[in-house]
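Subject: Handing over the structure

Dear colleague,

I am passing this structure on to you, with the sequence and the coordinates placed together below. Please look through them before reading the notes.

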Amino acid sequence: MVYVIRKEHFNAAHRLYNPNWSEAENEEVFGPCANKNWHGHNFELIVTVKGNPDPETGFVFDLKELGKLIKKEIIDKVDHKNLNMDVDFMTGKLASCENLVMEFWKILAPKIQESSSSAQLHKIHLVETNKNSVEYYGEI
């Protein structure tokens, strides 16, 4: 099994806020991330695909094509957007990195399988800050 990795970047704003809680509860749990005027990040999105290299190309998955797929399906929808207000697949969800990475998986996993008979999405690593990041392996 070989693992190939593609790294992309996007910038987005969000607010961590549970509408079922009071302002005080939100501020207590989420701190400055509950700011009613939003806050933003320069995100790093790292996508890992696994499989066996194709005997004709030597590729598990063409990384240039993976980059195009990530750009079309994810980056174009979230870059320079408000994750709470502008991103359809985040409607009704708290805009945490945990929820965001799970939504990315739902979008990318089937697209990767459609594009390759042998490769599959292995991991998505989303870096929010130099101190905070999340990883998701598709497990529920």
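Predicted model: local features only at pLDDT ≥ 70, side-chain atom pairs only at ≥ 80, totals over all residues.

Residues are numbered from 1 along each chain as its sequence is written, and side-chain values use heavy atoms, with hydrogens and water left out.

Overall layout

The protein has 3 helices and 5 strands, where helices (H or I, at least four residues) and strands (E, at least two) are DSSP runs numbered from the N terminus. Read from the N terminus on, the order of these elements is β-α-β-α-β-α-β-β. The C-alpha trace spans about 60 × 25 × 25 Å along its principal axes. Of the 140 residues, 43% count as buried, a term that means under 20% relative accessible area, with exposed meaning over 50% and partly exposed in between (1.4 Å probe, protein chains only). Taking contact to mean heavy atoms within 4.5 Å, residues 24 or more positions apart account for 68% of the contacts with a separation of 6 or more.

The helix pair

Two packed helices are described by the angle between their axes and the distance between the axes. Here the axes of helix α2 (residues 63-78) and helix α3 (residues 97-115) come within 11 Å and cross at roughly 150°; the axes are lines fitted to C-alpha atoms, for helices over the stretch in contact, and angles run from 0 to 180 degrees between N-to-C directions. That angle makes α2 roughly antiparallel to α3, since angles under 35 degrees count as roughly parallel, over 145 as roughly antiparallel, 65 to 115 as roughly perpendicular and the rest as oblique. From α2, the residues making the contact are L66, L69, I70, E73, I74 and V78, and from α3 they are F104, I107, L108, K111 and I112. By class, this contact has 9 nonpolar, no polar and 2 charged residues, with Ala, Val, Leu, Ile, Met, Phe, Trp, Tyr, Cys and Pro counted as nonpolar, Asp, Glu, Lys and Arg as charged, and the others, Gly among them, as polar.

E73 lies in helix α2 and, at 9% relative accessibility, counts as buried. Leaving aside its neighbours within four places in sequence, E73 is in contact with I107, L108 and K111.

Residues in the strands

V47, in strand β2, counts as buried at 0% relative accessibility. Not counting residues up to four places away in sequence, V47 touches V4, I5, R6, L66, I70, L108, L121 and K123. The C-alpha atoms of V47 and L108 are separated by 9.3 Å, although the two residues are 61 residues apart along the chain.

K123 has its place in strand β4 (residues 120-127) and is buried, with a relative accessible area of 18%. Its side chain makes a polar contact with the side chain of E135 (3.3 Å); a polar contact is a pair of N or O atoms within 3.5 Å, of which, within protein, one must be able to donate a hydrogen and the other to accept it, and residues adjacent in sequence count only if both atoms are side-chain atoms. Beyond its neighbours within four places in sequence, K123 is in contact with residues including V47, W105 and E135.

Strand β1 (residues 2-14) holds A12, which is buried with a relative accessible area of 6%. Among the contacts of Y3, its neighbours within four places left aside, are T48, V49, K50 and H122.

Two loop residues

Most residues other than glycine have a negative phi, and most peptide bonds are trans. W38, in the loop between α1 (23-30) and β2 (39-51), has a positive phi near 75° and is partly exposed, with a relative accessible area of 27%. H80, in the loop between α2 and β3 (81-82), has a positive phi near 55° and counts as exposed at 60% relative accessibility.

With kind regards
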